[in-house]
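Please look at the sequence and the 3D view first.

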Amino acid sequence: MERSRPLNLTELDEKLRNIGPKSNRERCSLTRETYEEETRASQVYAEKNRQALIQAGGRPTRPIQYDPGHWVFVKGVDDCMSEEEDDEQRELRWVSDHFGKEGSRFAIELHAWQAFKRFQLYKRKKPSSLWKIQQQIDELWKERGVSEKLKPQLQIDPQKLSKVEEWKEFYWYKLQQLPEYEEDIEKEERLKEKRLQYFDTASSETLEEERLLGGWQNREHIIRVSDGEIRQARRDRDRHISQLEWIERQLPVIASECAGSDQVSKCNSSSTPKRQPDIESRLH
């Protein structure tokens with residue numbers, strides 16, 4: 001059986017942020033008109049991703065933040081541009097980068113929802129084994145001590161699920177990824193121990209050669225780098241737990257929205273939300 005690998009949000013976000021000019025120096029040379037055009041394109045990108053997520057049946061974690069706030073000095077980024085970029089350019093770049101990040105956020109959420117829908121179909125490739133998958137869900141719920149109210153009851157046709165049941169499956173999809181995040185933390189902790197053991201047992205000649213080649217400089221260097229990787233793995237796990245908590249909070253909201261006979265069509269997982277007004281006209 002194929003094992004679902006959690007989406008690496010950090011890696012995907014980095015790729016999306018790198019769309020556009022490839023260096024800080026190139027961004028310094030952009031004109032006001034170019035910055036405004038880039039900002040406009042980023043706004044449309046963010047809105048299109050957000051609307052695509054809604055049309056696909058997902059829910060954005062928050063609205064688009066149209067107020068980028070005031071420009072803030074970022075050491076290591078802005079200080080290298082001080083001689084080439086005036087305050088107006090910095091402010092324009094700040095606004096442009098803000099909407100680029102907004103677009104990336106909703107692209108990540110859209111990607112995660114699309115991955116979940118593929119997961120739904122994959123798990124139903126063999127309807128005869130659906131009962132085994134339900135047993136796996138039961139075991140996961142028992143192992144994790146999760147409330148029975150959050151447990152999905154699988155059906156052969158995902159198009160016939162209610163919106164609430166669909167989101168219970170989304171919760172399951174995220175929950176079954178959590179152990180891999182926990183394993184990543186343990187892996188980084190073991191790697192730190194392995195690095196320190198190597199440093200403590202290697203000959204002085206080997207360590208000196210590695211230092212000259214740009215490798216580990218000393219024991220403190222290993223600890224600093226390894227601890228940073230462990231912290232990142234823990235942040236990824238905590239962010240995933242936050243996503244689970246957010247999904248749990250959405251369930252009563254969805255149930256409330258679906259209450260009443262006039263909301264039946266809206267609350268079927270196969271229904272398509274009403275088309276939103278034209279994106280371009282809303283952003284003028």
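## Terms and source

Axes are lines fitted to C-alpha atoms, for helices over the stretch in contact, and angles between N-to-C directions run from 0 to 180 degrees. This is a predicted model, in which local features need pLDDT of at least 70 and side-chain atom pairs count only at pLDDT 80 or more, while totals for chains, interfaces and linings use all residues. Residues are numbered from 1 along each chain as its sequence is written, and side-chain values use heavy atoms, with hydrogens and water left out.

## The chain as a whole

The protein chain has 10 helices and zero strands. Both kinds of element are DSSP runs numbered from the N terminus (helices: H or I, at least four residues; strands: E, at least two). Written from the N terminus on, the order of elements is α-α-α-α-α-α-α-α-α-α.

Of the 284 residues in the protein chain, 39% are buried. Buried means under 20% relative accessible area, exposed means over 50%, and partly exposed is in between (1.4 Å probe, protein chains only). Contact means heavy atoms within 4.5 Å. Among contacts in the protein chain with a separation of 6 or more, 75% are between residues 24 or more positions apart.

## Helices H6 and H9

Two packed helices are described by the angle between their axes and the distance between the axes. For H6 and H9 the angle is about 170°, and the axes are 10 Å apart. H6 and H9 are therefore roughly antiparallel to each other. Angles under 35 degrees count as roughly parallel, over 145 as roughly antiparallel, 65 to 115 as roughly perpendicular, and the rest as oblique.

The residues of H6 that meet H9 include Val164, Trp167, Phe170 and Leu175, and those of H9 include Leu244, Ile247, Leu251 and Ile254. By class, the contact of H6 with H9 has 11 nonpolar, three polar and four charged residues. Here Ala, Val, Leu, Ile, Met, Phe, Trp, Tyr, Cys and Pro count as nonpolar, Asp, Glu, Lys and Arg as charged, and the others, Gly among them, as polar. Leucine 251 lies in helix H9 and is buried, with a relative accessible area of 7%. Leaving aside neighbours within four places in sequence, leucine 251 is in contact with Leu150, Val164, Trp167 and Lys168. Valine 164 and leucine 251 are 87 residues apart in sequence, and their C-alpha atoms are 6.3 Å apart in space.

## Helices H4 and H6

Helix H4 (residues 87-123) packs against helix H6 (residues 163-175) at an angle of about 95°, with the axes 10 Å apart. That makes H4 roughly perpendicular to H6. On the H4 side the contact includes Trp113, Phe116, Phe119 and Gln120, and on the H6 side Glu166, Trp167, Phe170 and Tyr173. By class, the contact of H4 with H6 has nine nonpolar, one polar and five charged residues.

Tryptophan 113, in helix H4, is buried, with a relative accessible area of 1%. Beyond neighbours within four places in sequence, tryptophan 113 is in contact with Leu53, Ala56, Gly57, Gly58, Glu166, Trp167 and Phe170. Glutamine 120 is also placed in helix H4 and is buried, with a relative accessible area of 2%. With the neighbours within four places in sequence left aside, glutamine 120 is in contact with Pro158, Leu161, Glu166 and Glu169. In helix H6, tyrosine 173 is buried, with a relative accessible area of 5%. The C-alpha atoms of tyrosine 173 and phenylalanine 119 are separated by 7.7 Å, although these residues are 54 apart along the chain.

## Nonpolar cores

In soluble globular proteins, nonpolar side chains tend to be buried together. A nonpolar core is a set of buried Ala, Val, Leu, Ile, Met, Phe, Trp, Tyr and Cys residues joined through side-chain atoms within 4.5 Å. In the largest nonpolar core, which has 28 residues, Trp141, Trp167, Phe170, Tyr171, Trp172 and Leu175 touch the most other members. H4, H5, H6 and H9 are the elements that give two or more residues to this core. H6 gives the most, with six residues. A second, separate core of six residues includes Leu196, Phe199, Trp216 and Ile222.

## Helix H7

Helix H7 (residues 178-201) has 24 residues and reaches 35 Å from its first C-alpha to its last, close to the 34 Å expected at 1.5 Å a residue. The expected span of a helix is 1.5 Å times one less than its number of residues. The buried residues of H7 include Leu178, Tyr181, Ile185, Leu196 and Phe199. They pack against helix H5 (130-144), H6, helix H8 (204-212) and helix H9 (219-257).
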